[in-house]
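Q: I'm new to this one. Could you walk me through how to read its features?

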Amino acid sequence: MFIDLREQKKTSKKILFRIVLFILVVILISYLIYNTIRLIMRPADTFVVEQGVLSVSEVKDAYVIRNEVVLQGNNYKNGMEKVIAEGKKVAKGDSVFRYYVNGEETIKNEIAELDKQIQEAQKNEEPISTADIEILKRKIREAEEKIYDSNSKEEIEKYKKEIEDYTYKISVIVGDSSPAGSYLKDLINKKTEYLNKLTDGAEEIITTDSGIVSYRIDNMEQLFTTTDFNYLTSSFLTNLNLKTGEIIENSTEKGKIITDFYCYLAIEMNSESAMNAKVGDKVKIQYDTDSIVSSEIVHINDGEKSKILVFKVDDLPEKMISYRKISVEIIWWEHTGLKVPNSALIEENGKKYVERNRAGYNAKVLVKILKQDDSYAIIDNYTTDELKEMGYSYDEIVNMYSIKQYDKVVVNSK
């Protein structure tokens with residue numbers, strides 16, 4: 001009887017074990033069937049997490065505002081010769097350009113005729129110290145060429161003095177008693193007089209300000225001032241009828257000094273970022289394919305449906321000298337980090353998660369959103385201190401999953 005009871009207990013245990021095993025097998029099979037059906041009906045797409053850039057920007061037309069002092073003399077109808085080239089720096093008191101003298105073309109023709117006569121006179125000279133005289137003649141010709149090629153008043157005066165010195169030396173060598181030498185001396189002196197007329201009779205324009213020289217004049221220099229930006233309104237800018245990307249033409253009558261090595265951009269905007277912008281905000285501005293500058297909002301004029309924002313650019317590239325109205329891209333913010341699509345984010349109880357898929361195993365990972373736009377988000381893991389402040393215990397923090405570059409996250413395929 002005792003043996004039968006023991007056998008019955010063993011049999012009961014075997015039956016119970018088989019029942020439990022059967023139930024577990026059924027549950028496992030059901031789970032596999034359920035996931036298979038779910039994957040068939042709605043496949044679980046994944047996205048590889050990589051380092052990416054997220055930014056908010058917009059392309060707008062910008063009006064370039066500079067501190068400019070226009071230079072113009074009395075003889076502007078005579079045409080001008082540039083002493084300082086476009087884009088070069090000058091100091092206060094420097095000569096910037098000069099106006100041609102009246103009859104300058106006639107004077108140049110007279111000089112050319114004298115050159116021919118001098119060459120003929122040299123052929124008839126007595127061969128006295130020929131080598132020395134030829135060297136001096138060559139130096140005179142070189143100095144004359146330098147005068148024609150130079151735009152610097154200081155250099156021109158230097159070369160004129162050299163010609164006078166060389167001429168005197170030739171006259172000493174040849175001698176005043178020599179008919180050929182005396183004739184040559186008269187020709188050279190006459191040519192020197194004409195050269196003096198070219199420079200001494202010209203109106204020289206001197207700058208009273210230091211800065212950058214430009215000859216691109218559009219007559220907007222007095223309209224766009226920098227002392228007070230309140231005049232910048234939508235109607236003011238529209239009524240100017242300026243074309244975007246039109247190069248300012250070089251003037252043949254005026255020049256100007258850009259007194260600061262920075263400029264301002266006035267832009268009319270109505271985007272959400274612009275309407276929420278504040279004075280002091282810093283943004284980046286791209287004005288060419290590979291050219292980006294830092295800037296700061298220094299003034300805002302409110303309008304009914306838009307605002308006029310004035311950005312200070314701590315640089316003065318050539319494009320912002322050559323143009324009055326250009327197209328730029330305002331980059332409101334830019335952030336680099338782990339980039340995921342918004343469809344990968346799961347929100348629960350005010351917190352954001354992603355479902356990480358690693359080696360076929362899914363795990364829910366708590367993440368913080370650094371930046372987000374309509375399509376993507378830049379995410380990161382919380383630090384231990386941040387998690388403690390959020391109320392998580394040490395054990396909970398230790399057992400938390402993290403997200404890394406090249407991990408796969410599940411995205412909603414809807």
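**Reading the features**

A: Happy to; let's begin with helix 1. I23 is found in helix 1, residues 2–41. Helices (H or I, at least four residues) and strands (E, at least two) are DSSP runs, numbered from the N terminus. Residues are numbered from 1 along each chain as its sequence is written. This is a predicted model, so local features need pLDDT of at least 70, side-chain atom pairs count only at pLDDT 80 or more, and totals for chains, interfaces and linings use all residues, while side-chain values use heavy atoms, with hydrogens and water left out.

Q: Is I23 buried, partly exposed or exposed?
A: Buried means under 20% relative accessible area, exposed means over 50%, and partly exposed is in between (1.4 Å probe, protein chains only). I23 has 43% relative accessibility, so it counts as partly exposed.

Q: Which residues make the nonpolar surface patch of about 660 Å²?
A: A patch takes residues with over 30% relative accessible area and no salt bridge; nonpolar side chains (Val, Leu, Ile, Met, Phe, Trp, Tyr) are joined within 5 Å, like charges within 9 Å. A salt bridge is a side-chain nitrogen of Lys or Arg within 4 Å of a carboxyl oxygen of Asp or Glu. Here, I15, I19, F22, I23, L24, V26 and I27 make the patch.

Q: What is the strand order in the open sheet of four strands?
A: Two strands pair if DSSP finds at least two bridges between them. The order here is 3-9-8-5, with antiparallel pairing. Strand 3 (68–71) and strand 5 (89–90) are at the edges with a single partner strand each, so one side of each has no neighbour in the sheet. Two bridges join strand 5 to strand 8 (residues 211–214), and K89 sits opposite I212 in strand 8.

Q: Which residues touch the most other members of the largest nonpolar core?
A: A nonpolar core is a set of buried Ala, Val, Leu, Ile, Met, Phe, Trp, Tyr and Cys residues joined through side-chain atoms within 4.5 Å. In this core of 30 residues, the answer is F311, M320 and W332. Strand 14 gives the most to this core, five residues. A second, separate core has 17 residues, among them I107, I147, I163 and I170.

Q: What about phi?
A: Most residues other than glycine have a negative phi. N349 is not a glycine, yet its phi is positive, about 55 degrees. N349 lies in the loop between strand 15 (345–348) and strand 16 (351–358), and at 79% relative accessibility it counts as exposed.

Key: Accessible areas come from the Shrake-Rupley method with a 1.4 Å probe; for residues, only the protein chains shown count as cover.
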